[in-house]
Structure formats: C-alpha cells, structure tokens
Amino acid sequence: MRFLIAFLFLFSFLPFYGQESPESVTIYGSVYDAETNAPLQYATVTLQNIKTKNFTGGITNKKGKFDFSISPGKYKFTVEFISFKPFIINTLDIDQDIDFGMIALSQNSEKLNEVEVSAGKNVVGYKYDKKIYYAYKDIGNKGGSAVTVLENTPTVRVDEQGNINIRGNKAMILVNGKPFGGENATGDILSLIPSNTISRVEIYSPSAKYDANSGGGIVNIILKKGKGLGFTGTMEVHGGLPGNDGISSFINYKSDKVNVYSTASFNHTIKIKSANIEQEYFNTHNDPAGNMEQDREDDRQKNSFLFNIGSDFSIDDKNTVSTSILYSMSNKNYDSDIYFEDFNKSGNPIQSTNRNVSDNTDDNNLEALINYTTVFNSDDHKLSFNLKYNGLNSENYTDILNSVSRSNISKQNSTKNQKLSTYLFQADYQIPFAKNNMLETGLKTNVRKFSNNFLYSTLNSDTQAIEPFDGFVNDVLYDEYIFAAYAKYSKYYDYLDFSLALRSEKTYTQIQELNMNSDDKNDYLDFFPSVNIGYSFKDEGILTFNYSRFIDRPEVAQLNPFTSIADNRFILTGNPYLKPSYSNYLILEYYKEIKKISLTTALFYSGSTDYIRYIIENSGDQNADNFDIYMRKPVNDGNLDQYGFDLSLTYIAGKHLRLRGYVSPYYYVISNTFENIYDYEDYVIYANLVGDYRFNNGLKFQLNYTYQSPKKTAVTSLQAIQFLNASVSMDLLKKKATLTFRANDLLNTRTYDYESFEADTFTHKNWRFDSQYLISFMYRFNKASKRNSHNRSKDIDKEVFELDEDIK
C-alpha cells in the first residue's frame, strides 16, 4: 500500500528533516475532505526526489495544514489519507516557495477516467471523532430508503418497530447535522428519504456538545449535494413484489454564490405479515384457566410523498445563509384478518371469533430550517444560528368487525387525531486560542407541543347506534420545554487530541388529560459531562476513548395514558408518571489499516438507572366476551448494565472481491427490579457478513447475511433471527445509469419466535414478513463544469486542488 510505504519512508528520513541548505525552499498548504470540507489531520504529504529517489515530507496538523522546507529540485508530490484517493503530481519542478492552497481529497470509491473500478474500495472510513459509512458505494442500498441505509450501516441496528440503536442504546438521529422528523425520526419520515439521495452516514460518539438524549451515539445522515458548477442529479424508478413501487429524483444546481438542491419521491409499498399466537391463562401457576389460539394476516399498504428543497447562499467569503423546506405526506391502510379459537381448561372449544380490522392513517409533515454562519479571521473561528420548525398532523380511523361463533356480530371504531409542533433555536460559537486550543460554546431551546384526541365507540346491540365506550375517551395535551447550554474545551497535539465538555439542560414538561381533569408537571435540571481522547500511533493506528452521561426521556406515546385498542384483550397504554432514565457510557475504540485489512475494535459499557421497560398487568376488567383485559405499559423499574465488545473488519481479497464483517457480543444485567421479579442476566451476539464481487464485465454482486442469537429476560424469550439479502447491479449507458435487483430475506428465514410468561399468562408468538424482491433503475445526469487538477510548478496558486467525482 503506497500510503504505508510513504509513511515508513518518511520516518526513515526524519533525521534529515529540517536540515535546510542555503538554497532551501518552503512548501505549504492544507488538505481537506472534498465532501465535508473538513480539514484532514494526519494526512501524509511526501515528496520523492526524481533524481535521488529519496523521500521527505510530513503530516498535516489538526487544521489540515502542512509546512516544511526542502532542497530545490524535481519531485513527485503525493498527498494521502486513509480511505481517500491520493493526490499526485508526477513531476514538479521546485525552485522557489510554493503555496499549494487547499488540496481536496475525495473518498476512494472509484478511480477516475480510464482506471477500472474494482470491488476493493472501502465503504467504511474512520476518523478521530467519527466513523463514516459511504452509503452511495453500497449496492445493497439501491432502490431503498434511509431505513435501508441504516440497516446496512455497521454498528447501527434497526428493529422491527423502526427503533434505531447503537450498541444496545437508543441513537440520536440527525439529517445534515440537524434534528429531523420530530417523533417519527426513527420510522415513517426516514422511510420516505430515497437512498439514492444519501451520500454517507456519520456515527459520532456521544458528546455534551450535542443533545443529552444522544444515547449510544449520534447518527448523522448526509444528503448529497453537487460539487461542480451547473446542474447535477439523479432519477430513480423501482418496482417490486410484494408491492414496492416508486419514483424519486435529486437535482442540484451550483454557481459561485448559490447552491440549490431538491429531492422528490413517491412510493407505494405493501408488506404482508403472517402470525400465529398461542396464549394460556392461569388462576395460579399450577391451575390452568383456559387458552386461546390465534391466526392472523396483516396487509400493510402505504402511499407516501416527499418533497424537499434547500439552498446555500454565500453572501461573501465570510457569511453564508442556508435554508431548507421539507413536506411529506403518507396514507397508510393496514388491514388485518384475525381468527380466534378459545378453549376451557379441559381443552374444549368455548367460542371462535373472526375479527377484521381496518386501520387507516393520514400523516402530513412540514419542516422548515434556516441557518446563518459567519466566519471570522480563520475558518475555525465562527458563529452560527439555527431556527427550525416541524409540524406533524396525523388522523387515524380504525374500524373493527367481530363475528363470534358466526352468530353474534359486534362493531367498534376509533378515531385519533394528533398534532405535534416542534420549535428549535440554536446558537453555536467556537474560537481557537493560544496554540492548538479550541473553545466551543452554545445555547439551544427546544419546544414541543403535542395534542391527542382519541374516541373509541361500539355498536349498541339494542339501539343499533354507534356510541362512545365508557373509559375509552382520551383528550391529552403535552408541552415540553428544554433549555440547554454547553461549553467544550479541546486541545490538540501532534499525535494526541482531547476534549472536555459539560452540558446543562433545564427541562419542563406538562401533560394534561382534559377528560379526566388531571394535570402532571415535571421540572428538573441536569448536567451532562463528556470526555473524548484520541491518540494516533506512528504505525497509523488510532485509539479513542469516550465517556458521556446521557438521558432517555419518555416519548409522547409512552406518556399518553391511552394509545391503542385494536386488540380488546391486550391494550397498549402509556404512563403519564414515567420519569427519565439516566445512563453512563464508556467506549474504548481502536482503528488500524494493515495492507488489505481495515480493522476496528471496541470495548464498551453502559449503565442505566430507572430503566424504562414494558410490563403486562391484568386490568381487573373484562371485555364484552367476558375475557380478562390485560394492559401493556411502560414503567421505570431497576437498572440495566451492558458490557460488550465489537469487531468490524474489511478485507480486500483481490481486485474483484471485498469482504466485510461485524460481530458484537455483549452481556447484560437487569437488576434491582420490583421485588426482583425481572432481575436477569444473559448475553446476546449480533453479527453481519457482507461479500461484494465485481466481474470483469462490470456486473456487481453482493450477499448480506445477518444473525442475532437468542435473547432472554426473566419473563420473555426471543429465538435466534437470521436472514440473507442479495443484490446484483450493473452500470449501463457509459456508467450514466445503474440497474439493480435486490432480494430481501432470500431464503425466507426471517422469522420471529417469541415467548413470555407474565401476569399469569403464557404467550407464544410466531410471525414473519414475506420476502421482498425489487428492481431499480437509476440515471445520473451531470452538466456541471469541473476543475481539473493538473501538474503545475512555479505557477501553482491558491486554487483548490479537487478530484471531483460524479454523483454516484
């Protein structure tokens, strides 16, 4: 690897570094990431004397800058950084001082011009403060959404409910560095963002600089922006079975002063879910009271539309204004056919019930953002302001038809109207001082206002009129105010970086249940410290340590006293008395590239108090069929400690083959629960293996295998989950278009098998979604003008050296 060889040669000749001859000249400049505009620390700058073949050079500092003296002569000039394309000038005649200005390095995904693209380029990069997954390089994302991208992102896990976690803790989701989608950031809204508009995913360790609910880390989804002047963009259409049809476009226009970008997408999806449920009821643990068997099939159809337009306007070299508006809407039609068979304790049938549920929801979401940033004398000295509004309206109507033993028919329906408004103001200021010192401070105000109106009605068998059902009327208002301030101090050395930060958050919440005349308020002040340390070894390895304290605030749905009654035997309800859970999180991580292998290992620990868990209780009431009603609700109960290890490895097996693997075993301890009922300890293993192969004709093939070992608690058990996805992709029309076929759960093995014993009820559930098949066609157009980086000598000026690449 040229990077490693250059680095070794550099240290071999360090004794000669700095011995200036009377005729020495100085070369200087800076190196930065072409996509993020972030400076690249520890980039290697080498010059090889054409005549003597000797090497000299150095590495860039925290600001990406280099500055050193050499003897006049002809040199081969090279700038390299891990996972980036090297910048090379093969012959450079140096006889005076040269300012290289800003040299931009692009991610090492594809060679330019005539060089053939191979499978041997990494899709995962690592920097001192973050891990980067280059989503646009992974064919497994083609034709998908942001959720598809996160499912393929190492260390990130997406469960069936759309919850996004990192190492067992809930992650904070950002898009382009800003909160996104309100309460639905982990679900519906993210599923509307087409994968072809996503450039990369950045994963940051928790820091007091960010919101205290960042949990296991920050997941920042970066959308594409064009690089060259003029128009660039993509158009993508896809279709699949079961129904997965859609079209999306991404368009970008860039001039010297303005960059405008827009995304539009429409999707129609169908998911088929089949389930079998068995429940056995007990008076005591040894006295069966009866059992129930249930078969159900869910047909989940969804139509969605998203439109986003944004701009970056450079007022001058120091001041920039950015704006963004996003509108999305969706219509969900979830139909369920359910068959119940009830038996007494002797095993004799009591009754059978056919239930048809039609659950329809219309969502509308509007999001607007404006950002102003001013830069002072240096790029590191800046001030920025953000204003953001997010408004979500949701209307739900559910119709339930029960037919008991083919003779008794009952009807119920429910309506639920929800509104969520979020207002954000944020100011951030950073200033460098002394030598390699940085101070960052900021203020943030976040306001959420939520209203929920729920009405459950049933058919009166005597009057044949639909009437409200006593006890199932819900009118809730929820207000949340969070006022935050932070300060962060950072110090940079040649090989060592560290930062200390402290965040304070004042939280005020109020939840009112108007129909019950209840009013619960909460007011608390918290402090959240964090420590980050990074060390770069001479062999190019990077070691980082992070400590942080974070909070898990209850979501609105968890606080709402009533949320769902689609199943009149098991009701999902909220808890207005739920309190936040607090956690301490530590992670030690090491990254190293060794020839054809990229390796990341980590040890981590998280400890949570007042952990939020769901429990099942017998409500003491019975439904119209004289069966007990059970309630599932969240409570604060006990502690959760997690100890884990993860290993991420990429192996470039050759020009055509790349293998990626990720494994994360961790041990968890649940303790100090109520009367120790839920105390338990066990371990779970999560693993993922991806193989990419590129044929000589350009055809690309990928297999993606995922495994999760069985996971147990004191009252539940989830059996092992495993599945295999496959993708095939081919570039067409001189690489302006890409045709992709993807199969999810190719072998039809993604089955969920779950058991629980709680509240004198044993439940066994087995369910799965049908395998999905999708074909996608994407066309790239590019009318942008590009700057060419070419060989220069004495006439080199401060123009940016940039290796542009098309939007891929």
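This is a predicted model: local features need pLDDT of at least 70, side-chain atom pairs count only at pLDDT 80 or more; totals for chains, interfaces and linings use all residues.
Q: Two strands pair if DSSP finds at least two bridges between them; in what order do the 6 strands of the open sheet with mixed pairing stand?
A: The order in this open sheet is 8-9-15-16-13-14, where a strand is a DSSP run of E with at least two residues, a helix is a run of H or I with at least four, and both are numbered from the N terminus. The edges are formed by strand 8 (124–127) and strand 14 (178–179), each of which pairs on one side only.

Q: How confident is the predictor in the chain?
A: On the scale of pLDDT, the predictor's confidence in each residue from 0 to 100, the chain averages 82, and 88% of the residues score at least 70. Over residues 1–22, however, the pLDDT is below 50, and this stretch has 32 contacts in the model beyond near neighbours in sequence, a contact being heavy atoms within 4.5 Å. Residues 109–120 also have a pLDDT below 50, with 31 such contacts.

Q: How do you know that strand 9 and strand 15 pair?
A: Strand 9 (residues 130–133) is joined to strand 15 (residues 198–204) by 4 bridges, and the two run antiparallel; the requirement is at least two bridges, so they count as a pair. One of the bridge partners is valine 201 in strand 15, which belongs with tyrosine 133.

Q: Which strands form a hairpin with 3 residues between them?
A: The hairpin is made by strand 24 and strand 25, and alanine 434 in the turn has a positive phi of about 50°. Strand 24 (residues 408–433) and strand 25 (residues 437–459) pair in the antiparallel sense over 22 bridges, with threonine 458 in strand 25 as the bridge partner of glutamine 412.

Q: Why is serine 776 called buried?
A: The relative accessible area of serine 776 is 3%, and buried means under 20%, exposed over 50% and partly exposed in between, with a 1.4 Å probe and protein chains only, so serine 776 is buried. Serine 776 is found in strand 45 (residues 772–782), and, leaving aside neighbours within four places in sequence, its contacts include Gly143, His238 and Leu739.

Q: Why is leucine 443 called exposed?
A: With a relative accessible area of 53%, leucine 443 lies over the 50% limit and is therefore exposed. Leucine 443 is found in strand 25 and, beyond its neighbours within four places in sequence, is in contact with Phe425, Gln426, Ala427, Ala484 and Ala485.

Definitions and conventions
Residues are numbered from 1 along each chain as its sequence is written. Side-chain values use heavy atoms; hydrogens and water are left out.
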